[in-house]
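Biologist: I am new to this structure. Please show me how to read its features.

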Amino acid sequence: MAGSNMPYQCLEKCGKFLVAARGSNIDLFNVEDGSFIFTWSSVPAVVHGGNLPAGDEAAQLQHEVSQLSSVNIKVDASPPPAKRRKLSGNEDEKSETKGENTEKVDPESKGESKENEKTEKKQKKQKQNNRSETSGFESPSIIALATTNDAKHVVAITGEDKAIRVFEIIETEGVVEVRQISQRVMPKRPSALTITSDSTTIISADKFGDVYSLPLLFSESPLLSRISRETSQVTNRPFKPSANEFTIHSQRNRKALENQKRQLALRDAKETSPAFEHNLLLGHVSLLTDVKLAVLDGRNYIITADRDEHIRISRGIPQAHIIETFCLGHKEFVSRICVPGERPEILISGGGDNDLFVWRWANGELLSCIDIEREVAQALHSVTAKVVVSGIYHMRQSINREPTDLIIVTCEGVPALITLTLTSQNTLQPKTTILLPGNVLSLISSKNNRIILSIDTIYKAGSTTEVRNEDDQIDANLLSFTFERGDLIRDMNFRKGSVDAVEAGRKEVVNVTALKTLLYSLENLRKRDNEGGLGTVGAESVRGTESQVGDMPVFEEDEQMEG
């Protein structure tokens with residue numbers, strides 16, 4: 001689709017800057033007035049021999065593996081000559097004539113034709129997988145952002161290459177730029193991340209249920225590098241099968257030999273471990289959707305949510321393998337969790353359920369819940385699909401000289417902001433609902449009682465499938481609101497100035513199919529009728545127990561949803 005500004009799928013605040021991810025690129029704005037500052041553009045994912053920067057060895061390996069897995073094996077189309085039987089007399093001519101007549105229905109030929117059909121289907125499926133891996137963008141798209149408390153670094157997840165990228169914000173003589181300083185490919189595709197309060201460690205959760213910690217600044221571990229080289233030397237030894245091209249006598253056996261060589265090379269490539277420091281902290285048995293760090297009574301905790309309706313409370317580093325408790329009560333997947341900064345003992349969670357839950361997470365106690373689907377229905381006057389919570393945000397405002405905790409909720413494909421009040425009795429009370437010109441994609445809060453949110457400019461308001469018409473276009477993909485006496489008021493002065501000229505010059509063609517996968521993927525987490533949860537465990541029976549670090553989930557990698 002042409003003529004529309006690309007929407008921002010992720011927003012984060014980094015000091016005085018607004019960091020916004022647009023497809024594969026990152027834009028930097030002034031958080032106060034929205035003026036444009038800088039754009040970091042991702043280089044298309046092309047590997048050039050050994051010219052990768054430090055830390056990209058795993059990326060090169062992943063590229064080689066993907067190329068290897070998509071190779072079309074070329075086999076000589078002419079089969080080996082068939083064996084001839086010696087016949088006597090006139091039977092020889094009859095048998096030759098019979099052989100010519102039966103050549104069309106030869107069982108071996110039937111088998112070969114079926115094998116060719118299977119090969120063509122596999123190649124067609126592989127092409128479809130390759131198209132899905134690129135997601136329609138020239139470079140891997142950004143699916144999550146996080147910033148450090150010192151406002152110096154930005155961390156991003158790019159889903160297609162399973163990489164965690166670290167950026168540095170550099171300001172020299174009034175000139176600001178964003179520079180990528182490292183790129184590390186994780187063992188499995190990351191799905192959520194956060195950064196410790198001291199701005200030194202990245203906590204990454206992946207789609208296979210594992211949580212890793214890795215240093216913010218990349219440094220190649222000498223021990224891991226040596227082990228990786230030794231492993232590479234062992235795995236790169238040439239494979240010598242018992243059969244070869246001179247001992248096989250059929251096209252089918254020749255294909256089997258080539259497939260065996262390819263699969264062994266692919267397996268050896270996958271077994272090569274990354275050469276950078278990364279420590280496995282804990283493991284779920286399902287896709288992780290969100291991760292948060294919390295501090296209560298001087299102790300650190302890691303809170304994780306997954307597709308199997310679980311919220312797990314684990315101790316902080318270095319005892320993350322110890323489970324304190326679970327918050328159990330969701331019947332559908334948990335997509336977002338929030339720990340209010342001024343009330344760290346409270347946890348608010350939402351996902352595929354109709355309700356939003358309030359917990360005293362330290363002991364897994366459910367305090368209250370509110371029907372969020374009802375609030376959406378009242379705002380839109382109708383709800384045609386199930387509601388999925390895409391964001392939960394907390395702000396503390398002073399209303400009538402009393403501090404008030406406001407909870408802002410966004411839902412996937414819903415053009416509205418739902419504001420709730422978190423009372424002193426730990427209940428959520430509806431406050432106001434603001435209708436917007438497009439679906440909300442991401443949101444951040446800043447000082448001066450302001451929030452900044454991203455709006456979908458491609459799909460129609462209230463829809464995740466129907467594209468806007470030419471007469472239904474909106475130019476503002478970022479909006480700003482301020483709280484006045486507890487109500488949200490549109491800030492009409494936001495995003496004026498140089499950014500308009502930049503936006504006017506970069507109208508781009510948008511692949512709406514790829515964009516839908518990037519913007520609206522949470523509903524895909526909902527289990528179908530033939531899928532069942534893993535059951536629930538009483539919170540009292542698991543407190544203080546140890547988990548199995550690195551539990552493997554029951555889903556295959558290509559069956560997991562890509563967030």
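Biologist: Which elements do the buried residues of α8 pack against?

Modeller: First, how the model is read. This is a predicted model, so local features need pLDDT of at least 70, side-chain atom pairs count only at pLDDT 80 or more, and totals for chains, interfaces and linings use all residues. Residues are numbered from 1 along each chain as its sequence is written, and side-chain values use heavy atoms, with hydrogens and water left out. Now the case: the buried residues of α8 pack against β5 (142-147) and β25 (440-446). Contact means heavy atoms within 4.5 Å. Helices (H or I, at least four residues) and strands (E, at least two) are DSSP runs, numbered from the N terminus.

Biologist: Which residues of α8 are buried?

Modeller: Buried means under 20% relative accessible area, exposed over 50%, partly exposed in between (1.4 Å probe, protein chains only). In helix α8 (residues 512-519), A514, L515, L518 and L519 are buried. They cover an arc of only 125 degrees around the axis, so they sit on the same side of α8. The arc is that of the directions from the helix axis to the C-beta atoms.

Biologist: Why can residues three or four places apart point the same way?

Modeller: An α-helix has 3.6 residues a turn, so such residues point the same way.

Biologist: Where is S463 found, and is S463 buried or exposed?

Modeller: S463 is in the loop between β26 (450-455) and β27 (478-484). Its relative accessible area is 13%, so S463 is buried. Leaving aside neighbours within four places in sequence, S463 is in contact with G413, N439 and Y520. A polar atom of the S463 side chain also lies 3.1 Å from the backbone nitrogen of T465.

Biologist: How many disulfides does the structure hold?

Modeller: A disulfide is a covalent bond between the sulfur atoms of two cysteines. Here the cut-off is a pair of cysteine sulfur atoms within 2.5 Å. The structure holds 0 disulfides. C14 counts as buried because its relative accessibility is 1%. C338 is buried too, with a relative accessible area of 7%.

Biologist: What is the mean pLDDT of the protein?

Modeller: pLDDT is the predictor's confidence in each residue, from 0 to 100. The mean is 78, and 68% of residues reach 70 or more. Over residues 534-563 the pLDDT is below 50, and this stretch has 70 contacts in the model beyond near neighbours in sequence.

Biologist: And the protein as a whole?

Modeller: The protein has 9 helices and 29 strands. Of its 563 residues, 47% count as buried.

Notes:
A polar contact is a pair of N or O atoms within 3.5 Å; within protein, one must be able to donate a hydrogen and the other to accept it, and residues adjacent in sequence count only if both atoms are side-chain atoms.
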